[in-house]
Amino acid sequence: MNRLAVVAIAALLAFTPAQAQRRDKALEAALLAHVTELASDAYDGREPGTEGEAKTLRYLGQQWFDIGLESGTNDPRNAWFAPVKLVAREPASSSASFTRRNRPQFVPPGSTEVFTSGKRTLVNSAPILFVGKGEGEVGRAELAGRVALLLDGGTEGSERQNALLKAGAAGVLTVLDGERTLEQIRARRGRSGYALATEELGGDLEAFITAEGLERALAGGPLDFAALKALAAKPDFVPRLLDLAVTLEATTRETRINTHNVIGRLPGRRPDSGAVLLLAHWDHFGECAAPPAEDLICNGAIDNASGLAALTEIARRLAKGPALDRDVYFLATTAEEIGLLGAEAFAEDPPLPLSQIVAAFNIDSFALAPRGAPLGIVGRGLTPLDAGILAVAKAQKRKVVEGDAANAYIRRQDGWALLQHDVPTVMVSSSWSDIARVERFFETDYHRPGDQLKPGLDLSGTAEDVAFHVALVRHFGDPKKVPLRSK
Ligand SMILES: [Zn+2]
């Protein structure tokens, strides 16, 4: 190297912009080690209730214990791992039959479909009340014990259907004479739905019939389908009781899943002064592809092994640093992918009063942006946290993108479940600063086997976001800087 080159390099170094922070290669390596482990095929896609869950819990529990965290469950019988009981439900059977004056009216098989929100629901020989498009108010007395026959209005039709059920109809039978087909309804409703086992089961009956099926049910009666539609189109339409009764039955298959949230705690010097919560979901989809595809496992490297890696390294740095006044809770949630259910379970049965949580930061899919990218805030403008976040960003020489475009993702992440319980929760990350980049991820590897560890996975942005979160928690963990929320 000649002297001139040395001078040139020295000049380059001198001109490095102030915001470029020193790259933390050791941190990037530590993050990569976690992602490599958690997104390996041995974890089989980290599906709740499987051996993949057991492995994930063991790994996180061991890491957090070694870092020096304590169990944060506040439940000696269930240290570290808070049980979350789920139910998976899928439609199992469906039947519909019609009678006029106790004589059966034949309807071709396959022209009806019945669903229940409960385990089994039967409505026996209920009179049918034709409510047209369901636009007017229908009285509770008029609906009681009856099945409302509703003309379909697409998504608005589902709203009207729900309104009729709420108003007391024994069931709602929607005639599919518009855009929606029975096949589409079956495909959409046939998938399994998940819920917390503690959730109250309804017994709502939702039934669907094709226009041809209804023609046959009405055959021989005073009004055919065309006459019903003509009635409904009149401005002075009022619901009409038909000379027709229906028996509807549906059952649901239920599978119980026992899964867990992992909760660790870094004790503060003044736990009565409140707490800061950091969370990241550990679950993913398990095997999500079917043969003949060769790779069946959704490893979830970015979604959300990267978030667990970040959460764990934030914990390590905070545990090594000077003690905070406030407790810091670390929560790895289950069942995010199937409806934010682990976060909901945490909020319904929290280890500390939720009003004690001064700020919560969710960490989901943090490995999308390289270092140097600005920060985006999912949940901007929705909590009192923005001013503090911007102050920390300024001190840390991080840019925050203007506007609230990242709020487009607010319902798609665990923070949403906590916000419903008034816990001020946001997600702050370079990953969420550029909508186009996020959308590219959604269109390619997201929720597919392609979201796996690939050579060259860039964790430099995640490393910067880890450092930023350490500063965030130090700020919000200080009662002098951020007072406890008033109740
Ligand atoms: Zn996901």
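Q: Where does Lys397 lie?
A: Lys397 sits in the loop between α11 (386–395) and α12 (415–419). Helices here are DSSP runs of H or I with at least four residues, strands are E runs of at least two, and both are numbered from the N terminus. Before we go on, this is a predicted model: local features need pLDDT of at least 70, side-chain atom pairs count only at pLDDT 80 or more, and totals for chains, interfaces and linings use all residues. Residues are numbered from 1 along each chain as its sequence is written.

Q: Is Lys397 buried or exposed?
A: Lys397 counts as exposed, with 11 C-beta neighbours inside 10 Å. The rule places C-beta atoms from the backbone and counts the other ones within 10 Å of a residue's own: 20 or more is buried, 12 or fewer is exposed, and in between is partly exposed.

Q: And what about its phi?
A: Lys397 has a positive phi of about 55°, although it is not a glycine. Most residues other than glycine have a negative phi.

Q: What is phi for Ser125?
A: Ser125 has a positive phi near 45°, and it is not a glycine either. Ser125 belongs to strand β5 (residues 120–130). This residue is partly exposed, with 13 other C-beta atoms within 10 Å.

Q: Let's zoom out. How many helices and strands are there?
A: The chain has 14 helices and 15 strands. Its C-alpha atoms fill a box of roughly 100 × 55 × 45 Å along the principal axes. Of the 487 residues, 44% are buried.

Q: Which domains does the chain have?
A: The assignment gives domain 1 (21–87 + 256–476) and domain 2 (88–254). Such bounds come from an automatic or database domain assignment. Taken over C-alpha atoms, the centres of domain 1 and domain 2 are 43 Å apart. Domain 1 puts 11 residues into the contact and domain 2 puts in 7. Contact means that the C-beta atoms of two residues, placed from the backbone, lie within 7 Å.

Q: Which elements supply the domain 1 side?
A: β2 (81–100), β10 (240–266) and α10 (341–348) each give at least two residues to the side of domain 1 that touches domain 2.

Q: Back to α9. How do α3 and α9 cross?
A: The axes of α3 (residues 51–67) and α9 (residues 301–320) come within 9 Å and cross at roughly 15°. Axes are lines fitted to C-alpha atoms, for helices over the stretch in contact, with angles from 0 to 180 degrees between N-to-C directions. So α3 and α9 are roughly parallel. Under 35 degrees counts as roughly parallel, over 145 as roughly antiparallel, 65 to 115 as roughly perpendicular, and the rest as oblique.

Q: Which residues meet there?
A: Leu60, Gln63, Trp64 and Ile67 of α3 meet Leu308, Thr312, Ala315, Arg316 and Ala319 of α9.

Q: And how do α2 and α14 cross?
A: Helix α2 (residues 25–38) and helix α14 (residues 460–476) have axes that come within 9 Å and cross at roughly 105°. They are therefore roughly perpendicular to each other. Leu27, Glu28 and Leu31 of α2 make the contact with Ser460, Thr462, Ala463 and Val466 of α14.
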